[in-house]
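Me: Could you take a close look at the strands of this model and how they pair? I'd like one connected answer that I can follow with the structure open.

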Amino acid sequence: MATWRSMTVALATATVLLTAGCGGSDAENAASAGSAPSAPAAPESLAASPPAAADSRTGPAGQLALANDPNLGPIVTDSTGFTLYRFTTDGPNPTKSACEGDCAAQWPPVPAEGAVLPAGLDASLAGSVTRADGSRQLTVGGMPMYRFAKDSKPGQVSGDGVGGVWFAGLPEDKVPGLNEALGAEPGGAGVDGGAGTGEGEEPGAGGDAAALPGLSTVEDPELGEIVVDAKGRTLYRFTKDTDWPMTTACTGECLEKWKPAALVGKNDVKGIDPKLVIPFDRPDGQKQQTLDCWPLYWFTGDKPGEINGQGVGGTWFAVAPDGSLVKK
């Protein structure tokens, strides 16, 4: 039975790229920032930079998450990791959006229905404005929320600063409690005051391993640097899964041995780029943690510090801090 001789958590901090998102392959994560238009109206054509999936930019936001960007400060993302933006032309606590027509094609408004605030934020901060077509647009702290058409992958913030009126960073004076919420557990209050959905079988930080972050790295003598959860268990990837669109091939009997990793906060990681930490909605409705959009699992045949799941069936492998497979 393979065990770690050292459980030392890697101290190296991953470099955070503003345009980092889900990679399309294990070989390379290409950074791609959309070219910024000079005004909030739509550019000549959106066909040159189509969305990765239509519902990723126009559908329900689901469980919102907070992240502390080192350059922008607190930002909020939807359940698939896409950044939400505010439009300063809307003004304080508007009764309607100032972005309609061509502007709304470039900056799709976020529907209010189904949106769930990050934990730690008061439910009263969530609201909505009624748009010209009668739909309800999500507001946070009175600010209407939008996605950006040129953010083609989760984690991108290419809309920040566009035209001097579009911003990803949330101001503390309009959204009190941001700093406290960044340290809260996943799950929160909905737009209509409801409770957030559960986040998996295991908590983000186990009581018997409270010293470990939700996700961190250890140096395994056989595999090198690999990712572990808050209980010190090795996390694995299934080669039959896909990263974009995020899908899982582990369902039914597969889940008896391979358990979806619980969600963690973006600030509850060490040795891992927080922008690679993105939630995934499984087909059964359960939330699962991904790394660079690859679903993560722990193996029921492991105890903390073991790697018995490595290479099982030629399809299960430990994970490097960048989300790539470790096949040593």
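**The strands up close**

Reply: Five of the five residues of strand β2 (residues 73-77) are buried, so β2 is largely enclosed by the rest of the structure. Buried here means under 20% relative accessible area, exposed means over 50%, and partly exposed lies in between (1.4 Å probe, protein chains only). Strands are DSSP runs of E with at least two residues, numbered from the N terminus. Please keep in mind that this is a predicted model, in which local features need pLDDT of at least 70, side-chain atom pairs count only at pLDDT 80 or more, and totals for chains, interfaces and linings use all residues. Residues are numbered from 1 along each chain as its sequence is written, and side-chain values use heavy atoms, with hydrogens and water left out.

The partner of β2 here is β1 (residues 65-69): five bridges link them in the antiparallel sense, where pairing requires that DSSP finds at least two bridges between two strands. A hairpin of three residues connects β1 to β2, and Ala 65 faces Thr 77 of β2 across the pair.

Now for the open sheet, whose three strands are ordered β4-β5-β6 with antiparallel pairing. β4 (126-130) and β6 (143-144) are at its edges with a single partner strand each, so one side of each has no neighbour in the sheet. Between β4 and β5 (residues 136-140) there are five bridges, and Val 129 stands opposite Gln 137 in β5.

Finally, Phe 148 sits in the loop between β6 and β7 (166-167). Phe 148 is buried, at a relative accessible area of 1%. Its C-alpha is 9.9 Å from that of Thr 58, although 90 residues separate Phe 148 and Thr 58 in sequence.

Conventions:
Helix = DSSP H or I, 4+ residues; strand = E, 2+ residues; numbered from the N terminus.
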